[in-house]
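Please look through the sequence and the model shown below. The paragraphs that follow go through the structure part by part.

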Amino acid sequence: MKIELLNVCKSFKGQVVLDNLNLTVEPNKITVIIGKSGGGKSVLLKHVIGLIRPDSGSVFIGDDEISALNDKKLNEIRKNFGMLFQDAALFDSMTVGDNIAFPIREHTRFSKAEIDVIVKEKLRQVGLKRVTQKMPSELSGGMRKRVGLARALALDPKIILFDEPTTGLDPIMCDAIDRLIVKTQRHTNATCLVISHDIDSTFKIAHKVAMLYDGKIIEYGSPDKIKWSENPVVKNFIAGKSISKH
Amino acid sequence: MLRFFEYVGKPFVLLIEAFGKVILLLVSTISWMVRPPYRIHEIFKQMEFVGVNSLPVVIITGAFTGMVLAIQTYYGFKMFGGESLVGATVALSMTRELGPAITALMVTGRVGSAMAAEIGTMRVTEQIDALYTMSVNPVQYLIMPRVIASIMMLPVLTIVSDFIGIVGGYFVGVRLLNINSGIFVARIIEFVALSDIVNGLIKSAVFGLILSLVGCYKGFGTFGGAAGVGRATTQSVVISSVSILISDYFLTAVMF
Amino acid sequence: MSKLSVEAKVGVFVVIGVVLLCYMSMKVGKLNFSNNKGYAIEVLFDSATGLARDVTVEKAGVEIGRVQDISLRDGKALVVLRIKQAIKVKKDAKAVIRTRGILGDKYVEIIAGSASAPDIMGGGRLTRTMPVTDMDTLLNVLGEVANDIKLLTTVMSNVLGGEEGEAAVRAIVSNLRGIVTTLNQSIERNSSDIDRMIDNLAGFSDTLRSIGDDNQGDIKEIITSVRRVSGSMESLVADLEEITEKINTGQGSIGRLINDDSTIDNLNETLAALKEIAQSISQGEGTLGRLIAEDQTIDSLNTTLASLDEITTKINSGEGTLGRLVNEDETVESLNTTLTQLNNYLEKQDTFRTYLDYRGEYLFNSEALKSYLSLRIQPREDKYYLLQIIDDPEGKESVTDTYRDINGTVVQEHEVKVEYDVLKFSAQVAKRYYNLAIRGGLLESTGGFGFDYYFLDDKLLMSLEAFDFSLDRNPHLKAKIDYTPFSHLYLTTGYDNFVNEESRSFFIGGGINFSDEDVKTLFTSIPLPY
């Protein structure tokens, strides 16, 4: 499924976060949006899934303009999405198994036994075993991310969104998650949209990279194009230098 | 001058705005009540949390409220030889006022705060956003069951509190202060009308609505991490308690 | 316990609550959901101080009803009592307002009437009451007594007090002294005479004794007869005393005669007239005179009296229709039940009401007026039927799904047709409990139900309605508030269809309603040209 943002503007309390932003995410690829922290990456992601509506402009998922849909229709579209939150956002009143089963129970009519099978299969996909009865608070950060991904995959989504998937993890775990993202994309052939400020992992996983700066996409293209970009802001960001405003 | 008005008027505007938001939340809660799925299991889970688990604290507070009422009114009535009215006074106070109010305040402390904290935590850890992304409306999934459970369970807790309070008053009055047990009970039966009990229960249902709605509202609007959750919890208890006592006055004025 | 499911725990808990509620309400025991059970009787009291609505009505200390209403009628307190259906109150029973307990709670006591008196019917009035002896009247009487005593002592002190009084008393005392002195002197002067008198007396008694000894038997007899006479005299006197007593207190016809001056005057006049007549009769004047003079007349009079006597005897012994009517209890009872039934029927007719109502709601969303014409038939106060005709600017929506076979594939066509200018109908049954009414049935030509909650003596009405349930969209929900500042006219506002985003709309409006009573008074008060 294609994701398209057209002339999207959004400001909070007078502060402009997205300024006439245009971006087309290619279907069945991994697109990574990079940019500095607090630069509006999460806001962009929330626009894609309809948690935030743009002040002006429009957001298309496939052929549907979700920025103009009512809640009921929006909920229908959202069933095509899976999202992995920064801290996994697992429901801490439920076991791991119930967390993964939750979207399945909500939107399908599978029996208990069938759901158990799906949960086991999803956990296997993210490389976890024997954790169904554990509570989220008993898990490490990396395991929580994996469970979060398993939950995002529960309904076999066509679009998977990742909000800072490697933040707060040790380098080995980062690598493991990166591999998992790539593997998952290959396995499901879903459209993946990742936001990150981690340059190393970005180049490991991305088919396409977009750089968000000052509410705009200032550079978009293949990882190589970004690596050799002439744009000083992009250059500095990749080199890890702090950017002084002109 | 304008700044003065702004300074004075702003809290009022904010207050009215908050009130309006709570009412809107109530309207959307009601509208989610009548749409499937009905979340029966969630409602039962909340009923257990609000009702069954609050039983010990309600029994203890109810019993001691009835007992202390018996002692206090006994000394008053003894001055003019009306000790026999202690039972009726305890029963009327419990059913009409103290049963509903004390139960509501205890449940606010125990349940209202927990609602604010739980939903607040879910808000700051993006669990509520996660619900949205999974096409589950958090008002229906989180708030509606809590509101329904509170409205239904508060009257049940209150009737238990009423009964235990009267039993406590009986124990103190008859066993410790030697009031004739027959007269004690007869006066209760003579003075307490069914409407006293029923109106008390209606009040408690309203209190249940207030405490759950405020708790959920505060939790739902939480921002600013762990500190925000703490702030929401405290505010929900204070606002609920105050609203319960204020609405108690008006409900009593309308009903009795 | 931990094995118990959530549902089971909650269930047990709720059952405990319901049991406690039932137990307490049964103990409290005033489960009168409707105030309209039993029958009403009226009592006029001089004063209903301290009496309140809903206080108990007792007979021999047992609750038999409640005070339903207290109002003023001709300067007196008209109290309506609602008595339990099973309790009969005699027409000559007496109603008293009594006080209970140190706190002075008032209640109404019914003192049983005579067994032979008929039962009072619903709507009837108890005429016999007793004035309230409360503390106030008691103190008033005491005050009067104290005033009297004060008056008396004042008179006495006026007579005896002061110099004048003292002088009078002194004069009396000195007069007394003078009398005693004179007496002494005269005794001293006639001492010899007195001695002689005593001697004579002694002699006389001696003679008497000798006579007595001779005629002892005779004397005994005399004494016995004297005693007998005096005995009958005593009873005679007692009888007389009783009679005069009765006469004095005005009992009996003589008593009344004697005690009433006008009667005596009348009597005198009558006697004078009679005297005149008697004189004429004795002279054989007039028809009457002639009648009396002839023996035949007297004979026929006698036979007439005899047959009259026979008739009354027959009636008394229960012969003949009249006799049976008068004598048989059964007849009286059946008459009584007939009357009671008639009364019940009339009472029922009394609570039957019909209301006609028009309301208009201006819908902001469609900027049009939605009108309702309703007929409300209310057989009892807590129950009514509602028939409505509704003109809805939004029109009537009908959904049809048609399946068509196009080139082998089945195509579903979803067609929503909106018909304007179609009237909708409602027909609902409603039942009211206290302030809450629940109704259901046909709402705007679809199934539905609603709740009404009444505040402030029914002046404020909050309603929630739900109807038009279908699987593919949300039900039609409507919340409204009606306020009736004056009778017959009301204002309304609310939020219509608020869960359906496309058609939700606020509305304001008003209405007018009439009951059959209003219509009646309206027609009777319109001056009609003759």
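How many aromatic pairs does a search of the whole structure find over all chains? The search finds 10, where rings of Phe, Tyr and Trp (its six-membered ring) pair if their centres lie within 6.5 Å, and planes under 30 degrees apart count as stacked, over 60 as edge-to-face and the rest as tilted. One of these pairs is Tyr170(B) with Phe184(B), edge-to-face, at 5.4 Å centre to centre and with 80° between the planes. This pair links distant parts of the chain, 14 residues apart: Tyr170(B) belongs to helix 6 (residues 138-176) of chain B and Phe184(B) to helix 7 (residues 181-191) of chain B. Helices (H or I, at least four residues) and strands (E, at least two) are DSSP runs, numbered from the N terminus.

This is a predicted model, in which local features need pLDDT of at least 70 and side-chain atom pairs count only at pLDDT 80 or more, while totals for chains, interfaces and linings use all residues. Residues are numbered from 1 along each chain as its sequence is written, chains are lettered from A and ligands numbered from 1 in the order in which they are written, and side-chain values use heavy atoms, with hydrogens and water left out.

Buried here means under 20% relative accessible area, exposed over 50%, and partly exposed in between (1.4 Å probe, protein chains only). Another edge-to-face pair is made by Tyr362(C) and Phe364(C), because their ring centres are 5.5 Å apart and their planes stand at 85°. Tyr362(C) is partly exposed at 33% relative accessibility, and Phe364(C) is partly exposed at 45%. Phe91(A), Phe102(A) and Tyr141(B) form one aromatic cluster.

Chain B also has charged groups over rings; a charge sits over a ring if NZ of Lys or CZ of Arg is within 6 Å of the ring centre and within 35 degrees of the ring normal. Arg110(B) lies over the face of Phe49(B), 5.1 Å from the ring centre. Arg123(B) has its charged end over the ring of Phe220(B), at 4.9 Å from the centre.

As for its secondary structure, chain B has 9 helices and 0 strands. Of its 256 residues, 52% are buried. Among contacts (heavy atoms within 4.5 Å) in chain B with a separation of 6 or more, 85% are between residues 24 or more positions apart.

Where chain C meets chain B, 27 residues of chain C are in contact with 34 residues of chain B. The two chains bury about 2,700 Å² between them, 81% of it on carbon and sulfur atoms. Buried area is the accessible area (1.4 Å probe) that two parts lose on being put together, summed over both. On the chain C side, Phe13(C), Met24(C) and Val28(C) lose the most area to chain B, together 23% of what that side buries.

Chain C holds 12 helices and 20 strands. Buried residues are 20% of its 530 residues, and its accessible surface is about 37,200 Å², 60% of which belongs to carbon and sulfur atoms. Of the contacts in chain C between residues at least 6 apart in sequence, 44% join residues at least 24 apart.

Why is strand 4 (residues 76-83) of chain C largely enclosed by the rest of the structure? The reason is that 7 of its 8 residues are buried. Two strands pair if DSSP finds at least two bridges between them. Strand 1 (residues 39-45) of chain C pairs with strand 4 of chain C in the antiparallel sense over 7 bridges, and Phe45(C) stands opposite Ala77(C). Strand 3 (residues 62-73) of chain C also pairs with strand 4 of chain C in the antiparallel sense, over 8 bridges, with Val67(C) and Leu81(C) as bridge partners. Strands 3 and 4 of chain C form a hairpin with 2 residues between them, and Asp74(C) in the turn has a positive phi of about 50°.

In chain A, helix 1 (residues 41-48) is mostly covered, with 6 of its 8 residues buried. The buried residues include Val43(A), Leu44(A) and His47(A). Just after helix 1 of chain A, Gly50(A) has a positive phi of about 80°.

How values were computed: Accessible areas come from the Shrake-Rupley method with a 1.4 Å probe; for residues, only the protein chains shown count as cover.
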